[in-house]
Each structure stands twice: as structure tokens, then as C-alpha cells.
Amino acid sequence: MYKKEMIAMLLAGGQGSRLGVLTSKVAKPAVAFGGKYRIIDFPLSNCINSGIDTVGVLTQYQPLRLNTHIGIGIPWDLDRNVGGVSVLPPYEKSTNSEWYTGTANAIYQNLNYIETYNPDYVLILSGDHIYKMDYEVMLDFHKANNADVTIAAMPVPMEEASRFGIVVTDQDSRIKEFEEKPEKPSSNLASMGIYIFSWPVLKEALIKLKDQPNCDFGKHIIPYCHEKGGDRLFAYEYNGYWKDVGTLSSYWEANMELIDIIPEFNLYEEFWKIYTNSANIPPQYIAENAVVDRCIIANGTEIYGEVHSSVIGGSVTVGKGSVVRDSIIMQGVTIGENCVIEKAIIAEDTVIGNDVSIGIGSEVPNKMKPNIYSGGLATIGENSVIPGGVQIGKNTAISGVTSSEDYIDGVLASGETLIKAGDRV
């Protein structure tokens with residue numbers, strides 16, 4: 001048995017269904033972000049920047065790309081003989097075999113892993129948020145208050161408060177009330193899904209609630225600790241940038257915020273670097289007659305047309321005469337010549353033919369999933385093929401290898417969805 005003061009458990013098994021076709025073949029934490037990164041890079045980088053060198057990553061849904069990306073943790077300096085990063089999928093036990101059925105259930109199924117390091121504290125993280133946080137400062141707050149549980153929390157607009165776990169605190173930041181997604185919130189101080197537990201308190205709660213179906217931190221563990229009465233629960237108020245990129249609109253907005261003149265979330269700070277497993281590819285190439293302004297463009301990309309206010313991944317090609325605007329183009333995408341692409345999210349390794357228009361027409365609610373495909377975005381899943389000469393409207397979704405016959409009169413109208421057999425909406 002080794003001894004670590006605090007280890008992190010990073011929950012990265014979520015399906016991310018609100019990202020629609022972007023997560024049909026990949027877990028949400030493995031979705032590309034900011035041109036060269038993946039979403040999970042941010043909590044992993046926060047860990048090593050905070051001095052946490054032992055991280056368990058709990059995977060479940062479509063784990064292949066996530067596992068490949070993390071590897072043995074070299075980019076984050078997490079390739080350690082003792083500790084480092086460990087990928088923890090569900091596994092078959094001698095008495096039963098089950099998937100992770102809730103956030104807390106996933107931690108319960110890995111009690112042996114945690115016990116190996118005999119920690120004083122356990123940090124619980126989500127793998128799908130974009131932010132920078134020094135967890136060591138949060139731990140100092142936890143210790144100073146002799147807390148059993150510390151919840152990172154931040155103020156949100158009152159009209160959005162019902163989407164979050166809401167805490168009500170006294171003047172000493174002690175939590176007096178905790179409500180999970182209340183219809184009528186009594187506060188706007190929202191849980192960020194980041195928790196520090198004193199290990200004995202967490203262990204006792206997990207064992208006590210082990211038979212609770214779909215055991216979850218916000219719905220079960222935190223209320224249990226609060227109702228016990230003796231446990232000391234505190235809120236650590238965070239006032240920096242934090243974004244839950246769980247919807248297509250918030251994902252698009254977070255990427256666009258990176259290219260603001262003065263970005264609220266700065267990727268270029270020397271003192272708090274974001275690390276990633278980056279492919280060894282050649283530099284970008286901007287052709288003589290190309291036009292580029294206010295963009296992030298990753299290595300290996302070749303621009304022959306125009307790109308405005310967009311985030312472009314690695315090894316992308318934008319053909320002559322094509323104009324890309326207000327869009328996210330992930331790595332490996334090939335865009336043909338004389339295309340017009342407006343406010344689109346195009347996932348990895350997609351091929352767009354010549355003379356294609358994407359994101360045109362009026363804004364009509366999506367007929368199949370209006371709550372997912374919204375915000376005027378056109379969303380195309382990875383490895384898709386769009387034939388030449390077609391027009392694609394707003395609030396649309398496409399996934400798979402499509403042909404001209406799939407487009408009525410060469411058009412996919414606003415609000416329509418085109419999913420080929422075998423792909424998920």
C-alpha cells in the first residue's frame with residue numbers, strides 16, 4: 001500500500017447524448033476542442049498543474065479513442081511508477097458483473113483502487129467541463145474548515161439555476177441546504193460537480209448506499225452526508241471561467257470564446273498550460289491568395305480559400321474559393337472547392353465535396369430533436385461524406401456516408417436530419 005495525500009477520480013464515461021451526432025462514436029470527454037485539444041485535457045491538465053499525480057479515469061461509453069488519447073499519461077507527466085493515470089473501465093467481479101450505473105456507483109466499484117493509495121482526501125471530477133482550477137487551493141480551503149465534504153460552486157444566472165445542484169450557505173460558507181436541480185431554486189450558487197471528500201466520509205457513504213439504484217453524487221451521496229447532520233459540508237466559491245460543454249450551443253460558444261479579441265478563457269498562459277496528446281504533423285500552410293482572420297488553426301492544415309472567426313483542427317484542407325465562417329472544423333476534415341460553410345460543427349475525418357453550401361436558409365426547429373439540434377447550427381458527425389453540389393440548412397444533423405440521392409432536389413432543408421443506417425442520431 002502506498003500513501004497519497006489526495007488522489008483524483010475523473011468521471012469520463014458519459015455518453016453525452018445532448019451533443020447528438022458528435023458523440024455517436026466517441027465519449028464526450030474525447031470530443032475535440034479548441035483546435036488541438038480534447039475536452040478531457042482540461043481536468044487532466046488541472047490535476048498535474050495542481051500537483052496531483054494520481055488520477056483514476058473512469059470510462060464506459062465508447063472508450064477506445066479516450067483510452068488511446070490518454071495512453072500512459074506522458075503528455076500530462078502522469079506516467080509514474082507510483083500513481084500516474086489509470087484507466088478504470090467496468091469489470092467482471094466474482095459475484096456479479098455490472099456497468100457503472102451512476103457517478104457514485106462508479107466510484108464504489110473502484111474502492112480497491114482508491115484503497116491502494118490510502119488517501120486522506122479524494123477529489124471527484126467530471127471529464128466534460130472546460131476550466132482552469134488549482135485544486136490545491138480548494139484542498140487548503142477544505143483543511144482550513146476541517147470539512148468532511150467541500151463542493152466547488154459558482155454563481156449562475158437565476159433563470160439557469162434549476163439546471164444545477166444548488167447550495168445555500170451561511171456566512172462561513174457552510175452548506176445549510178442542498179437541492180439537486182430544484183424547480184424553484186432558493187439560491188443561484190450552483191455545484192460545479194467538483195468535490196473533495198475526506199476519504200473515511202466518502203467510503204462510509206459509498207458502502208452505506210451501495211444498493212441504491214443509479215447511485216449519484218448530487219442525488220444521493222451529498223444529500224446523505226448532509227442529512228447525517230454531523231458531517232461538515234462547505235462550498236468553495238469559484239469565480240473563474242467554467243463551461244459545461246454538454247450541449248451543441250454551449251460547445252460552439254465555448255470554442256468561439258477562444259477567438260475573442262481578449263478571450264475570457266486564455267489558452268496561451270505560460271503559468272497554467274493545457275497539455276494534450278498531440279500528433280506529430282507538419283506545420284500549417286496558408287496559400288498566397290487565402291484569407292484568414294480571427295481563427296485558431298492547428299498544425300497540418302492547408303488553407304486555399306477563406307476562413308473567418310473559426311476554430312480549425314489539425315490536417316484540415318479548405319479548398320480554393322471556399323469560405324468558412326463562425327464554424328468548428330475538427331481534424332482531418334477535407335472541404336472541397338467553392339463551398340460556403342456558415343455556423344457549422346463538422347466532426348473529424350469528414351469529406352465535403354465541391355460547391356456545397358452548409359448553414360443556409362431560415363432558422364426552423366429541428367423536427368426530430370429540437371432540443372439538441374438548435375441555435376442555428378448545422379452539425380455533421382465524424383467520417384461523414386457530403387456529395388458535391390448540395391445545400392444544407394440550419395438546425396440540421398447529418399451522420400454517415402451520404403449520396404446525392406439522399407438530398408431532395410439537392411437540398412437538406414433547415415430542421416431536417418439525415419442519419420445513415422448504423423449511425424446514431
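**Close-up views of a predicted model**

**View 1. The largest cavity holds about 40 Å³ of space.** The structure is a predicted model, in which local features need pLDDT of at least 70, side-chain atom pairs count only at pLDDT 80 or more, and totals for chains, interfaces and linings use all residues. Residues are numbered from 1 along each chain as its sequence is written, and side-chain values use heavy atoms, without hydrogens and water. A cavity is a set of points on a 1 Å grid over the protein atoms alone where a 1.4 Å probe fits but cannot get out, and lining residues have an atom within 4 Å of a point. Volumes are the space filled by probe spheres set on points joined across faces, edges and corners. Around the largest cavity you will find Ala32, Phe33, Gly34, Gly35, Tyr251, Asn255, Val311, Ile312, Gly313, Ile328, Ile329 and Met330. At least two of the lining residues come from each of strand S2 (32–33), helix H8 (248–257), strand S19 (311–312) and strand S22 (328–329). These elements are DSSP runs numbered from the N terminus (helices H or I, at least four residues; strands E, at least two). The lining has 8 nonpolar, 4 polar and no charged residues; Asp, Glu, Lys and Arg count as charged, Ala, Val, Leu, Ile, Met, Phe, Trp, Tyr, Cys and Pro as nonpolar, and the others as polar.

**View 2. The second largest cavity has about 30 Å³ of space.** In total there are 2 cavities of 30 Å³ or more. Here the lining consists of Leu22, Val26, Val31, Ala32, Arg65, Met330, Ala347, Glu348 and Glu382. By class, that makes 6 nonpolar, no polar and 3 charged residues.

**View 3. The largest pocket has a volume of about 1200 Å³.** Its lining has 38 residues, and those closest to the centre of the pocket are Thr103, Ser126, Asp128, Lys181 and Asp216. Two or more lining residues come from each of helix H3 (103–108), strand S6 (121–126), strand S11 (189–198), helix H7 (217–228) and strand S13 (242–244). S11 contributes the most, with 4 residues. The lining splits into 13 nonpolar, 16 polar and 9 charged residues. A pocket is an open set of points with protein on both sides within 12 Å along at least five of seven lines.

**View 4. Seven strands line up in an open, parallel sheet, in the order S16-S19-S22-S25-S28-S31-S33.** Strand S16 (296–297) and strand S33 (417–419) are at the edges with a single partner strand each, so one side of each has no neighbour in the sheet. Inside the sheet, S25 (residues 344–346) and S28 (residues 378–380) run parallel and are joined by 3 bridges; strands pair if DSSP finds at least two. Look for Ala344 opposite Ala378 in S28.

**View 5. Another open sheet of 7 strands is also paired in parallel, in the order S15-S18-S21-S24-S27-S30-S32.** Its edges are strand S15 (291–293) and strand S32 (411–412), each with a single partner strand, so one side of each is left without a neighbour in the sheet. The parallel strands S27 (residues 357–360) and S30 (residues 391–393) are linked by 3 bridges. Ser357 faces Gln391 in S30.

**View 6. The largest nonpolar core has 72 residues, and Val55, Tyr135, Ile194 and Tyr251 have the most contacts inside it.** H8 gives this core its largest share, 5 residues. Such a core joins buried Ala, Val, Leu, Ile, Met, Phe, Trp, Tyr and Cys residues through side-chain atoms within 4.5 Å, where buried means under 20% relative accessible area (1.4 Å probe, protein chains only).

Conventions: Buried means under 20% relative accessible area, exposed over 50%, partly exposed in between (1.4 Å probe, protein chains only).
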